[in-house]
Amino acid sequence: MHDSLNHFEQLSIASSFAGICGALSYGLRVRQGKPFSMIDLILNAIVSAACGLIAFEILQNEGFMPQLSGALCGVAGFVGTTLVRFVQTFTDVKAEQIINDVKDHKL
């Protein structure tokens, strides 16, 4: 991304790139046998764009160059929904363990 772009323009480019990469990730899963759903494609692109925005802001605050931040936003978009599902599964398992520990008076 060119340095003369303002922050909003950089965010727009990064989130668009992440959304496209998220759509490509969904297309790959469809190609591997998952049934196609337009709603799933749109949701995947939106979640990926949000992951890209978050990644861009974190990387910019850490002092990364806008070009590198934008490229890494594509990676964040590609793995965005997978990472969100992983975190959700992990937290569900941990919450269940805590609930069971409370029921068993271990906590």
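Buried here means under 20% relative accessible area, exposed means over 50%, and partly exposed lies in between, with a 1.4 Å probe and protein chains only. The model is predicted, so that local features need pLDDT of at least 70 and side-chain atom pairs count only at pLDDT 80 or more, while totals for chains, interfaces and linings use all residues. Residues are numbered from 1 along each chain as its sequence is written, and side-chain values use heavy atoms, with hydrogens and water left out.

**Confidence**
- The protein chain has a mean pLDDT (the predictor's confidence in each residue, from 0 to 100) of 85, and 95% of its residues reach 70 or more.

**Helix H2**
- Helices are DSSP runs (H or I, at least four residues) numbered from the N terminus.
- The 24 residues of H2 (residues 38–61) should span 34 Å at 1.5 Å a residue, the length being taken as one less than the number of residues, and this agrees with the 35 Å between its end C-alpha atoms.
- Asn44, Ser48, Ala49, Cys51, Gly52, Ala55, Phe56 and Leu59 are buried in H2, and their cover includes helix H1 (7–31) and helix H3 (66–103), contact being heavy atoms within 4.5 Å.
- Gly63, which follows H2, has a positive phi near 90 degrees.

**Val75**
- Val75 lies in helix H3 and counts as partly exposed because its relative accessibility is 48%.

How values were computed. Helix = DSSP H or I, 4+ residues; strand = E, 2+ residues; numbered from the N terminus.
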